Amino acid sequence: MGQIALEGLEFFAFHGYYDEEQKIGNKYGVDLYITTNLLAAGESDKLHQTVNYEVLYRMVAEEMRAPARLLEHVAHRVLDRIMVELPHVRKVRVSVSKFNPPLGGICQRARVTLVQKRRKQEAKA
């Protein structure tokens with residue numbers, strides 16, 4: 001097993017509980033960690049034996065373009081999509097951050113982190 005990480009992804013998106021947030025938008029950050037078998041790719045140096053970083057980025061970018069009220073919902077969509085589209089991935093951890101959230105005070109970012117692990121039956125299928 002090994003880990004692929006995409007850290008510090010940044011997007012301008014239109015998420016937020018308040019209607020104003022969905023109209024004016026904000027800057028968001030995403031950190032993504034994928035656990036999968038990297039041994040074959042390490043031995044062969046072949047892209048098709050690993051998870052393509054561009055594919056992961058595109059999945060995250062597409063989910064960030066779809067407005068949501070909650071960061072939890074955005075993170076959940078990313079998890080679900082990766083687990084469905086990349087069946088050889090064993091575990092996904094995603095953090096979604098909103099920069100300067102409207103809390104009525106100083107806060108650099110609000111962040112949620114979700115983790116999903118494939119069940120043993122799913123991993124064998």
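These legends walk through several close-up views of a predicted model.

**View 1. Lys98 and Glu21 pair up.** Start with Lys98, which sits in strand S3. The side chains of Lys98 and Glu21 meet in a salt bridge, with 2.6 Å from N to O. Lys98 belongs to strand S3 while Glu21 belongs to helix H1, so this pair ties together parts that are 77 residues apart in sequence. Is Lys98 buried or exposed? Lys98 counts as buried because its relative accessibility is 9%, and the cut-off for buried is under 20%. Glu21 is buried too. The two side chains also show up as a polar contact, at 2.6 Å.

**View 2. Ser95 reaches Thr113.** The side chain of Ser95 makes a polar contact with the side chain of Thr113, at 2.6 Å. With a relative accessible area of 7%, Ser95 is buried.

**View 3. Arg69 meets Asp19.** Here the side chains of Arg69 and Asp19 form a salt bridge, 3.0 Å from N to O. This pair links distant parts of the chain, 50 residues apart: Arg69 is in the loop between helix H3 (53-65) and helix H4 (71-85), and Asp19 is in helix H1. How much of each partner can be reached? Arg69 has a relative accessible area of 39%, which makes it partly exposed. Asp19 is partly exposed as well, at 43% relative accessibility.

**View 4. Glu63 and Arg77 join two helices.** Next up is a salt bridge between the side chains of Glu63 and Arg77, at 2.9 Å from N to O. Glu63 is part of helix H3 and Arg77 is part of helix H4, so the pair ties together parts that are 14 residues apart in sequence. Glu63 has 14% relative accessibility and counts as buried. Arg77 counts as buried too, at 16%. Which residues belong to the network around this pair? Salt bridges with shared partners connect Glu62, Glu63, Arg77, Arg81 and Glu85 into one network. For the model as a whole, the count comes to seven salt bridges.

**View 5. A nonpolar patch sits on the surface.** Now for the outside of the model. Tyr17, Tyr18 and Leu70 make up a nonpolar surface patch, and together they have about 350 Å² of accessible area. Where in the chain is Tyr17? Tyr17 is in the loop between strand S1 (2-13) and helix H1 (19-24). Tyr17 counts as exposed because its relative accessibility is 55%, and the cut-off for exposed is over 50%.

**View 6. Four residues form a positive patch.** Which residues form the positive surface patch? The patch is formed by Lys91, Arg93, Lys117 and Lys120. Lys91 is found in strand S3, which covers residues 91-99. Lys91 is partly exposed, with a relative accessible area of 33%. Lys98, also in strand S3, is the buried lysine from the opening view, at 9% relative accessibility.

Terms used. Residues are numbered from 1 along each chain as its sequence is written. This is a predicted model: local features need pLDDT of at least 70, side-chain atom pairs count only at pLDDT 80 or more; totals for chains, interfaces and linings use all residues. Side-chain values use heavy atoms; hydrogens and water are left out. Patches are made of residues with over 30% relative accessible area and no salt bridge: like charges are joined within 9 Å, nonpolar side chains (Val, Leu, Ile, Met, Phe, Trp, Tyr) within 5 Å. Accessible areas come from the Shrake-Rupley method with a 1.4 Å probe; for residues, only the protein chains shown count as cover. Lys and Arg count as positive and Asp and Glu as negative; His and the chain ends are not counted. The place of a charge is taken as NZ of Lys, CZ of Arg, CG of Asp or CD of Glu. Helices (H or I, at least four residues) and strands (E, at least two) are DSSP runs, numbered from the N terminus. Buried means under 20% relative accessible area, exposed over 50%, partly exposed in between (1.4 Å probe, protein chains only). A polar contact is a pair of N or O atoms within 3.5 Å; within protein, one must be able to donate a hydrogen and the other to accept it, and residues adjacent in sequence count only if both atoms are side-chain atoms.
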